[in-house]
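Dear colleague,

Please find below the structure that I am handing over to you, with its sequence. My notes on it come directly after.

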Amino acid sequence: MVPHEVDIPQLAQQLKQDGVAYSAPSLESDAQLNEHVAEQLREGDGLAVVDVFVSKAADVRDIAQELYDATDLQTVIVQTPRHVSSVSENYSRADIESTQAQLTPGLNQVDLLERYYAGLEHSSFPMIAIVAAVLILALVFGGLSYRRASQHRETRG
């Protein structure tokens, strides 16, 4: 549940401008800070810093989902004083949750993004390569088994 203090339309508007949004007006108007943080973002990603104390991490994910739905961004990361959560069409839920578990509260936004992206790169599992290798092995062993069974039939018959 999104806390009533969080202004989703205002944050979404900021995210649409440069991928960075702050709920604190003083930070929102700091062009140099916004530019510096925006430089750390990957193409299609956004970061919203919400200065509202949210007790449950699920509520922060709800904020991220609302902002994701309200923007054209591929990934929305939300940082609150206690939690970080994100919603993405590029990264798996498992990779996101594994990465978020490694992030400590109170990081500055540049360090947060650096650790977030490093965690995603580290946790990405080459599932396609593993599935392909298993299929190839299954085909090889299946072919060998068929050949051996055919030879066995010929020698008996």
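The model is predicted: local features need pLDDT of at least 70 and side-chain atom pairs count only at pLDDT 80 or more, while totals for chains, interfaces and linings use all residues. Residues are numbered from 1 along each chain as its sequence is written, and side-chain values use heavy atoms, with hydrogens and water left out.

The sheet

Helices (H or I, at least four residues) and strands (E, at least two) are DSSP runs, numbered from the N terminus. Two strands are taken to pair if DSSP finds at least two bridges between them. On this basis there is an open sheet of 4 strands in the order S1-S2-S3-S4, with mixed pairing. Its edge strands, which pair on one side only, are S1 (20-22) and S4. From one strand to the next the twist averages 15°; axes are lines fitted to C-alpha atoms, for helices over the stretch in contact, and angles run from 0 to 180 degrees between N-to-C directions.

S1 and S2 run parallel and are joined by 3 bridges. Strand S2 (residues 45-49) also pairs in the parallel sense with strand S3 (residues 75-79), over 5 bridges. Leu 47 of S2 is the bridge partner of Val 20, and Leu 47 also stands opposite Ile 77 in S3. Asp 45 stands opposite Thr 75 in S3.

How enclosed is S2? Because 5 of its 5 residues are buried, S2 is largely enclosed by the rest of the structure; buried means under 20% relative accessible area, exposed over 50%, and partly exposed in between (1.4 Å probe, protein chains only). Asp 45, Leu 47 and Val 49 point one way from the strand, and Gly 46 and Ala 48 point the other way.

Helices on the sheet

Helix H3 (residues 31-40) lies across S1 and S2, and runs at about 135° to S1. Helix H4 packs on the sheet and touches S2, S3 and S4, its direction making about 35° with that of S4. Contact means heavy atoms within 4.5 Å.

Two buried residues

Thr 80 is found in the loop between S3 and S4 and counts as buried, at 5% relative accessibility. Leaving aside residues up to four places away in sequence, Thr 80 touches Val 50, Val 52, Val 54 and Val 60. The C-alpha atoms of Thr 80 and Val 60 are separated by 7.5 Å, although the two are 20 residues apart along the chain.

Asp 59, in helix H4, counts as buried at 12% relative accessibility. Again leaving aside residues up to four places away in sequence, Asp 59 touches Met 1 and Val 54.

The largest pocket

A pocket is an open set of points on a 1 Å grid over the protein atoms alone, where a 1.4 Å probe fits, with protein on both sides within 12 Å along at least five of seven lines; lining residues have an atom within 4 Å of a point. The largest pocket holds about 160 Å³ of space, and its lining has 13 residues, with Ala 57, His 83, Val 84, Ser 85 and Gln 100 nearest its centre. Helix H4 (57-70), strand S4 (84-88) and helix H5 (93-102) are the elements that give two or more residues to this lining. H5 supplies the largest share, 4 residues.

Yours sincerely

Definitions and conventions: Grid points are joined across faces, edges and corners, and a volume is the space filled by probe spheres set on the points.
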